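Trainee: Please walk me through this model. How should I read its features?

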Amino acid sequence: MDTYEFGFCSTDRTIYLCIFMTMKPAENYIFNQPEPYRGILMHLQMMIETTLPKVELKFKWNIPCFYIGKSPICYLNASHKKQFVDIAFWNSAHLTKHLNVLISENRKVVRSLRYSTLEDIDNDILVDVLNDAYAVRQNGFYKRKD
């Protein structure tokens, strides 16, 4: 939750009561990104929090991460060098929906949806994958071979 600080500000001969809002580090990460990354990240955050209302935004490994209880759901990463934003899913080994659009790219466990523009985001696919990740959140990172 955001915290608020109160203080006095003045201009010329007028004194005002000012309210200063302190954002969480994960929110700072999002809001301090240049466009188009900020717009993409803000849209993804809104979609995640709308689709999974119990989700909690945390800041781990210097990126925004979303958890439900102790279970990680996904994280957001803006790659300026490669010019995209990833929404990455830890439990991707258990995901069953839209596997054709999930990117693994040299990663053993994590798969992601990748966006270079806000228009690239298909909200229906995003919601399906978020709900799938929620459903398998307790399964662990690796799929056990029987």
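**Reading strands, rings and charges**

Trainee: Which residue takes a positive phi in the hairpin of β4 and β5?

Mentor: Gly 69, with phi near 60°. Two residues lie between the strands of that hairpin. Helices (H or I, at least four residues) and strands (E, at least two) are DSSP runs, numbered from the N terminus. The model is predicted, so local features need pLDDT of at least 70 and side-chain atom pairs pLDDT 80 or more, while totals for chains, interfaces and linings use all residues. Residues are numbered from 1 along each chain as its sequence is written, and side-chain values use heavy atoms, without hydrogens or water.

Trainee: How many bridges pair β4 and β5?

Mentor: Four, in the antiparallel sense. Two strands pair if DSSP finds at least two bridges between them. Here Tyr 67 stands opposite Pro 72 in β5.

Trainee: In what order do the five strands form the sheet?

Mentor: Strands of a sheet pair through backbone hydrogen bonds, parallel or antiparallel. This sheet is open and antiparallel, in the order β3-β4-β5-β6-β7. The edge strands are β3 and β7; each has a single partner, so one side of each lacks a neighbour in the sheet. On average, neighbouring strands are turned by 25° against each other, direction ignored.

Trainee: Which helix packs on the sheet?

Mentor: Helix α3, residues 123-135. It touches β4, β5 (71-79), β6 and β7. Contact means heavy atoms within 4.5 Å. The direction of α3 makes about 30° with that of β6. Axes are lines fitted to C-alpha atoms, for helices over the stretch in contact, and angles run from 0 to 180 degrees between N-to-C directions.

Trainee: How many bridges join β3 to β4?

Mentor: Five, and the two strands run antiparallel. Lys 60 has Ile 63 in β4 as its bridge partner. Phe 59 stands opposite Pro 64 in β4. This hairpin has two residues between the strands, and Trp 61 takes a positive phi near 55°.

Trainee: How many residues of β4 are buried?

Mentor: Six of the six, so β4 is largely enclosed by the rest of the structure. Buried means under 20% relative accessible area, exposed over 50%, partly exposed in between (1.4 Å probe, protein chains only). In a regular strand the side chains alternate between the two faces of the sheet. In β4, Ile 63, Cys 65 and Tyr 67 point one way. Pro 64, Phe 66 and Ile 68 point the other way.

Trainee: How many aromatic pairs does the structure hold?

Mentor: Four. Rings of Phe, Tyr and Trp (its six-membered ring) pair if their centres lie within 6.5 Å; planes under 30 degrees apart count as stacked, over 60 as edge-to-face, the rest as tilted. Tyr 29 and Phe 59 have ring centres 6.3 Å apart and planes at 50°, so they are tilted. This pair links helix α1 (residues 25-31) with strand β3 (residues 56-60), 30 residues apart. Tyr 29 is buried at 14%, whereas Phe 59 is partly exposed at 32%.

Trainee: What are the ring distance and plane angle for Tyr 67 and Trp 90?

Mentor: Their centres are 6.0 Å apart and their planes at 50°, so this pair is tilted. Tyr 67 lies in β4 and Trp 90 in the loop between β6 (84-89) and β7 (111-115), so the pair ties together parts 23 residues apart in sequence. Tyr 67 is buried at 7%; Trp 90 is buried at 12%. With Trp 61 and Tyr 75, they form one aromatic cluster.

Trainee: Over which ring does the charged end of Arg 114 sit?

Mentor: Phe 84, 3.8 Å from its centre. The test is NZ of Lys or CZ of Arg within 6 Å of the ring centre and within 35 degrees of the ring normal. Likewise, the charged end of Arg 137 sits over Tyr 134, 3.9 Å from the ring centre.
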